[in-house]
Amino acid sequence: MTIFLPLIIHSRDQSYDHYRNVYFEVLEPFDISYTFRCQPANDFGTSFNELLKDVYLIPSKPLEACSSLQNDFILKGNIALVERGDCSFVTKIINVQRTGALGVIVMNNDRTADERFVDMKHDSTGRTVLIPAIFLQYRDGHMILKSIEKNHLIGARINIPLNLTYDEMLKVHRAPGSYWL
């Protein structure tokens, strides 16, 4: 007699709304050609409504993006990778928005917090964010950053957002140690 039990997949973090997740894939550098999961800003910015193919995820300079960016010319038409900390999320996104970037991925700065996402909330300053902003866990963000540096690249070539069905999510090539599914 064969008994079939339903497959239940539990997240380490039960608080996130899995319908809000945004996925992107790294095409290059090849050593990190994985699919990554992010969570969008809670109450500001827009959404990644259409697939952006072959755009670059470029680390901002300075990485915290709390002041004018020194590499603004290269961020235009691409996605900025910034690090959490030192100023509000809105300040970071506004500084990136001024460069003409298409969006922002904020990576966590807390290496001990890879089991949960941080809710990116508006800082109540009344400033308007016109581009999408999503949050990436520490391990994933720093893996991308280190690979960009190791391979002497300006950024990682990505496709964002991916529209994944449940079955496709089970088959994607996730980064080692990523906490999802």
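User: How many helices and strands does the protein chain have, and what makes a run count as one?

Analyst: In this predicted model, where local features need pLDDT of at least 70, side-chain atom pairs count only at pLDDT 80 or more, and totals for chains, interfaces and linings use all residues, the protein chain has four helices and seven strands. Residues are numbered from 1 along each chain as its sequence is written, and side-chain values use heavy atoms, leaving out hydrogens and water.

User: What makes the 26 residues around F24, F36 and L57 a nonpolar core?

Analyst: A nonpolar core is a set of buried Ala, Val, Leu, Ile, Met, Phe, Trp, Tyr and Cys residues joined through side-chain atoms within 4.5 Å, where buried means under 20% relative accessible area with a 1.4 Å probe, counting protein chains only. In the largest such core, of 26 residues, those touching the most other members include F24, F36 and L57. Its largest share, four residues, comes from α3.

User: Which residues does L57 touch?

Analyst: With contact meaning heavy atoms within 4.5 Å, and not counting residues up to four places away in sequence, L57 touches F24, I105, I144 and I158, among others.

User: Why should residues 1-18 not be read in detail?

Analyst: On pLDDT, the predictor's confidence in each residue from 0 to 100, residues 1-18 stay under 50. Where pLDDT is low, the predicted coordinates should not be read in detail. The protein chain averages a pLDDT of 86.

Key:
Buried < 20%, exposed > 50% of the residue type's maximum accessible area, 1.4 Å probe, protein only. Helix = DSSP H or I, 4+ residues; strand = E, 2+ residues; numbered from the N terminus.
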